[in-house]
Amino acid sequence: MFEHYLTNSMVGIINSKQALKNYQLTKIKSLKNTSAYHIQQSYEYIIKYLIYNNANYNKGINKETSIKQIFSHNLDLLIKNFCIPNGIAVPYKLVKNAKLYTSWEAESRYRIGFSVRLDSLKKAIKTAEDWLLLIKPTYKQKLVSVNKRLKLD
């Protein structure tokens with residue numbers, strides 16, 4: 001269930017890569033911030049997919065008709081309050097950088113002068129893509145196809 005969360009995560013990765021490629025072509029710094037926003041969203045979708053499909057999280061809930069939806073963008077909070085207690089594995093790089101990636105959700109759009117480091121962004125994209133493909137290996141062909149058509153790799 002909640003497959004659309006993984007699809008949305010894949011779209012976030014693609015959007016992040018596109019924005020990063022456009023930054024590299026134009027040097028418009030706001031495109032790095034756009035890339036950062038999309039990769040934070042990608043992480044959030046994967047985490048929520050895993051939480052919502054976790055048997056411990058949904059004890060006593062009929063997933064066909066209801067879900068205890070979480071209204072937070074805070075990756076650190078999602079990891080500490082929902083993933084760890086429910087035995088959901090999260091990549092070490094994400095755990096280590098959860099506060100940083102969380103800041104990308106709002107600061108990348110609203111804070112004047114905000115700029116994400118290029119190396120941090122590239123690592124975050126790679127970690128998100130690797131994690132998505134670990135969870136859903138069948139997305140590999142789709143990502144390869146999109147990356148090739150859009151010349152993202």
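## Close-up views of a predicted helical model

**View 1. The largest pocket holds about 160 Å³ of space.** A pocket here is an open set of points on a 1 Å grid over the protein atoms alone, with protein on both sides within 12 Å along at least five of seven lines. Its volume is the space filled by probe spheres set on the points, with grid points joined across faces, edges and corners. This is a predicted model, where local features need pLDDT of at least 70 and side-chain atom pairs count only at pLDDT 80 or more, while totals for chains, interfaces and linings use all residues. Residues are numbered from 1 along each chain as its sequence is written, and side-chain values use heavy atoms, with hydrogens and water left out.

**View 2. Ten names to look for around the pocket are Lys 17, Leu 20, Lys 21, Gln 24, Lys 122, Ile 125, Glu 129, Asn 147, Leu 152 and Asp 153.** Lining residues have an atom within 4 Å of a point. Which helix gives the most to this lining? It is α1, with four residues; α1 and α5 each supply at least two. Helices are DSSP runs (H or I, at least four residues), numbered from the N terminus. By type, the lining divides into three nonpolar, two polar and five charged residues. In this count, Ala, Val, Leu, Ile, Met, Phe, Trp, Tyr, Cys and Pro are nonpolar, Asp, Glu, Lys and Arg are charged, and the others, Gly among them, are polar.

**View 3. The largest nonpolar core has 43 residues.** Such a core is a set of buried Ala, Val, Leu, Ile, Met, Phe, Trp, Tyr and Cys residues joined through side-chain atoms within 4.5 Å. Buried means under 20% relative accessible area, exposed means over 50%, and partly exposed lies in between (1.4 Å probe, protein chains only). Ile 39, Tyr 43, Ile 47, Ile 51, Leu 94 and Trp 104 touch the most other members. Two or more residues come from each of α1 (3–26), α2 (30–52), α3 (75–83), α4 (92–110), α5 (118–135) and α6 (139–150). The largest share, nine residues, comes from α2. In soluble globular proteins, nonpolar side chains tend to be buried together.

**View 4. Ile 39 is one of the core residues that touch the most other members.** Look past its neighbours within four places in sequence, and Ile 39 is in contact (heavy atoms within 4.5 Å) with Gly 12, Ile 13, Ser 16, Trp 104, Leu 121, Ala 124, Ile 125 and Ala 128.

**View 5. Glu 105 sits in helix α4.** Is this residue buried or exposed? Glu 105 counts as buried because its relative accessible area is 12%. Its side chain makes a polar contact with the side chain of Arg 109, at 2.8 Å. A polar contact is a pair of N or O atoms within 3.5 Å; within protein, one must be able to donate a hydrogen and the other to accept it, and residues adjacent in sequence count only if both atoms are side-chain atoms. Not counting residues up to four places away in sequence, Glu 105 touches Tyr 37, Gln 40, Gln 41 and His 73.

**View 6. Val 90 lies in the loop between α3 and α4.** Val 90 is classed as buried because its relative accessibility is 17%. Apart from neighbours within four places in sequence, Val 90 is in contact with Ile 79, Cys 83, Val 95 and Trp 131. Val 90 and Ile 47 are 43 residues apart in sequence, with their C-alpha atoms 8.1 Å apart in space.

**View 7. Tyr 92 and Leu 100 both belong to α4.** Tyr 92 is exposed, with a relative accessible area of 63%, whereas Leu 100 is partly exposed at 37%. From C-alpha to C-alpha, Tyr 92 is 9.6 Å from Thr 127, a residue 35 places apart in sequence. Leu 100 and Ile 51 are 49 residues apart in sequence and 21 Å apart in space, again C-alpha to C-alpha.

**View 8. Phe 2 and Lys 151 each have a positive phi without being glycine.** Phe 2, with a phi of about 65°, is found in the segment before α1 and is buried at 13% relative accessibility. Lys 151, with a phi of about 55°, lies in the segment after α6 and is exposed, with a relative accessible area of 62%.

How values were computed: 1 Å grid on protein atoms, 1.4 Å probe; cavity = no way out; pocket = protein on both sides within 12 Å on 5 of 7 lines; lining within 4 Å.
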